[in-house]
Structures are given as C-alpha cells and as structure tokens.
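Grab a pencil and get the viewer ready. Below are some exercises, each with a solution worked out step by step.

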Amino acid sequence: MLPEIKGRVAWVFSEPNFDIDLVIGVANIKVREIETLKALCMKSYDADFAEKVSKGDLIIGGENFGYGHPHPPAFRALRAIGIAGAICDSFSPGFYRAETCEGFALIECPGVSKETNRWDEIEFDWDEETVYVKRTGKTLKCSKVPQKTKDLVSCGGMIGYIRDKRLSK
C-alpha cells in the first residue's frame, strides 16, 4: 500500500544540483550512528530544524536534486526526524535510484520549488499524480511515477520488494 504523502514543507532547496551531503555536512558522510545524524541534520541551515519538523513533513527541491554521490547518511537523518518524502523539480539519477531502493517516496513535479514556501501544507495524490498546495489552492501536475518506484515504496524498499515477489510465487 502506498503511503499518504501529506504534510508541511519543512524546507525548500530551490537551487539546482543540490548536493544532499550538505544536509549533514560533507565532513560527516561516514557517520552511521542515527542519533548523531539527527543532531547534525540541517544544522548549517536552521539550528532548530529537527525540533521544528513533524512526522510526515516533506522536503521540496529544485532541478537535479541529490546531485553528487548518493551517500545515504543525509537522508537517513531526514527520515529519522520524520521527513516522509521529497517532491522536487527533478532528481539526480543516482540519488533517485538509491533512495527509492530504500523505499523513500521521491516525486518529480516540475516547478514545485517555485510554487511552494516553507511550512506550506501540501498533498500528493498517487492516482492523479498531482500536488495540491493548500495556501494557493493550486494543483500541480507531476511527472508519471514509474510502477517500479511505486512497488518499491509500497514494499518499504528493495528487501521488502524481493520478499513480496518471492512470496507471491
């Protein structure tokens, strides 16, 4: 079952080619301890970010979001503090592949970074593939979400997907 994608915009990374490692700091990409990652999460952007985030909040990004090497600690930190997904103009292919294999909802929605502000309430409709922005009343058309991505997200990632496929035989 696909998760509900409905929450507040916790942050808007509007710049193109955002390197996801900056979420925790490039010097920290080898950190694995989740409590340390949570403490580092977004400190250079907003010192109290982790305390302001509610479970289900979302990240908005610009073009080619996740550019660079897809190191997992940054998004492990974001998931651990409650971020439910990322809706971006477009994603870096390596980042997209890595995070969808973890079961994380990544939605491509051209123009979303210009149509949303921090703390806007938004909702993604899996069937219509649209994002609704409550503040403006606008509905944005997203790129088609590949069925494999939906399967990975609904199974909680690659391990769940493989288990599901093996059990269905």
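**Exercise 1.** Find which residues Thr149 touches, not counting residues up to four places away in sequence.

*Solution.* Step 1: go to helix 6, where Thr149 has its place. Helices (H or I, at least four residues) and strands (E, at least two) are DSSP runs, numbered from the N terminus. Step 2: look for contacts, meaning heavy atoms within 4.5 Å. Leaving out residues up to four places away in sequence, Thr149 touches Tyr96 and Thr100. Step 3: check the accessibility of Thr149. Its relative accessibility is 5%, so Thr149 counts as buried. Here buried means under 20% relative accessible area, exposed over 50%, and partly exposed in between (1.4 Å probe, protein chains only).

A quick word on the ground rules: this is a predicted model, where local features need pLDDT of at least 70 and side-chain atom pairs count only at pLDDT 80 or more, while totals for chains, interfaces and linings use all residues. Residues are numbered from 1 along each chain as its sequence is written, and side-chain values use heavy atoms, with hydrogens and water left out.

**Exercise 2.** Work out which residues of helix 4 are buried, and why they line one face of the helix.

*Solution.* Step 1: helix 4 covers residues 93–101, and its buried residues are Phe95, Tyr96, Glu99 and Thr100. Step 2: look down the helix axis. The buried residues of helix 4 fall within an arc of 115 degrees, so they line one face of the helix; the arc is that of the directions from the helix axis to the C-beta atoms. Step 3: recall the geometry. An α-helix has 3.6 residues a turn, so residues three or four places apart point the same way. Step 4: find the partners. The buried residues of helix 4 pack against helix 3 (73–81), strand 4 (105–108) and helix 6 (147–154).

**Exercise 3.** Asn17 and Asn64 are residues other than glycine: find what phi Asn17 has and what phi Asn64 has.

*Solution.* Step 1: Asn17 has a positive phi, near 60 degrees. Asn17 belongs to the loop between strand 1 (5–13) and helix 1 (34–40), and is partly exposed at a relative accessible area of 39%. Step 2: for Asn64, phi is positive too, near 55 degrees. Asn64 lies in the loop between strand 2 (58–61) and helix 3.

**Exercise 4.** Zoom out: how many helices and strands does the protein chain have, and why is it called as compact as a globular protein of its length?

*Solution.* Step 1: count 7 helices and 7 strands. Step 2: the radius of gyration (taken over C-alpha atoms) is compared with the globule rule, 2.2 Å times the number of residues to the power 0.38. The chain's value is 15 Å, close to the 15 Å from the rule for 169 residues, so the chain is as compact as a globular protein of that length. Step 3: of those 169 residues, 43% count as buried.
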